[in-house]
Amino acid sequence: MDATLVQDVVAEVMSRLSGRANFTSPAPRAGEEAEINDSMQPTSGTQVADGKYGIFASVDDAVRAATESQQKLLKLSLDERDQIVKLIKSIANENAHKWGEIEFKETKIGRLDHKIEKLQILSLVPGVEYLKTNAMSGSNGLCIEEFAPFGVIGIITPVTHSVPTLSANAINMIASGNAIVANPHPSGVNCAVIAVREYNRQIAAKFGIEHLITVITPPTLETADAIFAHRGISLLVVTGGPQVARAALRSPKRAIVAGPGNPPVVVDETACLKNAAESIIRGGSYDNNLLCIGEKQVLVVESVYDKLVAALQTAGAAQLTSPQIDKLTKQAFKIGDDNKPHVNKEFVGRDARLLAEAAGASASPACQLAFGETQFDHPFVQEEQMMPFVPLVRCRNVEEAMDKAIESEHGYRHTAIMHSRNLDTITRFGRRAATTLYVVNGASATGLGLGGQGYLSYSIATPTGEGITTPLTFTRYRRVMITGSLRMV
Ligand code: NAD
């Protein structure tokens, strides 16, 4: 990384961290009070790097330990590798409530029920079964294509899903024979350490391998840089926002980058508005809109605007008036040195009810999503706000809605959503948006297997093009050609 970039990034990360340090804990949702209690204090405090079960202070030590563990992993059979992957999934499921609480308490963003669910659904992440050997035989012999591990993979994980991202990466990467050195977000490191310590402890007890997943604590920009530069790390996998995505793309090492998004929703005049409203609420409120795939702005055709508003209200979303949106905007965005609005981290991942209160409105504790009309150039439309407030923009027709949707996605090629019954419109928007994930007539979460078909990953590689990552994403393609032999017929 060049010096200017490092300075930019240090400034950005320090400001983000100081923002998070000022958070007041989000109010628990109904029924959550009993679950968040002091009994988890002893396990959720600052975790110390003791060199045991994958927890290291030094990148060199972590790489050394991960390298040894990866060599041991390669000596196991594929069946045993499969058992390790299934063990990780079952540990995550068994600890989902406890770890969800710990992550929620540490990061102070999102929703406890969804933090728990994000760990339970790790069962949807593909494992060893994804590694299929291809074979071709003919007059000239036998050709086999196999998918080999890279070795030790350096990963960077976001605060929005610290344990889920690390766990899903571990499932995919270990399935394909790799070990991991992780630099989590500093605001989500303790929960990551607790989870990794438990994964490694049980893997060591059953398979005699102690450091398949390693975590650096405390993680800093220097340790991230050391991972980027380390000769013992053969691949980088980065999940995060624009700064870290840019840093990884500039790295001389191969990087798989799961970068930011700003998913638009287009609603046309043929859409089922009840389904559209319910889907927007489900996707836009999931973990308080922390997901990179979550509905961030709705471009709706004017002729059905009022009906969509009514459907959103019927489904329980809280409508804010223009003055209320202005009041919320003044708090939810700060004007930066560049004279542009930037998301105020203190509002990221907060409950819809709290956003409504900040706007001077009231919403019931059960309210999951707030919404209201804005102009297209509004910060809530243009910025990846990660809040359960979704702006609605009126458009003359579906052509204008598609144009504005694509413009507001900013070329991230991440996720786009459409509600329509017109196959031609659905096809045209999908082709034009060219996003990695395109969800039609459902909530964004269905695109990752939650109520939809398909598998799950919390790392959707967008600028580098690998898509929703699987074990194959983390493999080297190898071909064995046995010339003139082994053809049996
Ligand atoms: P963030 O960019 O602040 O941090 C992400 C990670 O990068 C953290 O571990 C952070 O410590 C690290 N980091 C930041 N700058 C760095 C640098 N220059 N060098 C090394 N490490 C650096 O993002 P966040 O708030 O933790 O997560 C939210 C962002 O991540 C959103 O933009 C969201 O869209 C994106 N995200 C994308 C995906 C995906 O699959 N594409 C998944 C989850 C989150």
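1. The face of helix 9 that is turned away from its buried side carries Glu222 and Ala229, both exposed (over 50% relative accessible area; buried is under 20%, partly exposed in between, with a 1.4 Å probe and protein chains only). Helices here are DSSP runs of H or I with at least four residues, and strands are runs of E with at least two, numbered from the N terminus. The model is predicted: local features need pLDDT of at least 70 and side-chain atom pairs pLDDT 80 or more, while totals for chains, interfaces and linings use all residues. Residues are numbered from 1 along each chain, and side-chain values use heavy atoms, without hydrogens and water.

2. Helix 9 spans residues 221-229, and its buried residues are Thr223, Ala224, Ile227 and Phe228. They lie on the same side of the helix because they cover an arc of only 145° around the axis, taken from the directions from the helix axis to the C-beta atoms.

3. These buried residues pack against several elements, including helix 3 (59-75), strand 6 (213-216) and helix 10 (242-249).

4. In the largest nonpolar core, of 124 residues, Ile213, Val267 and Leu308 touch the most other members. A nonpolar core is a set of buried Ala, Val, Leu, Ile, Met, Phe, Trp, Tyr and Cys residues joined through side-chain atoms within 4.5 Å. Helix 8 (residues 189-207) gives this core its largest share, 10 residues.

5. Domain 1 (3-259 + 467-477) and domain 2 (264-456) both contribute residues to this core, so it lies between them; the domain bounds come from an automatic or database assignment.

6. A second, separate core has 25 residues, among them Ala332, Val348, Cys367 and Met387.

Key:
Contact means heavy atoms within 4.5 Å.
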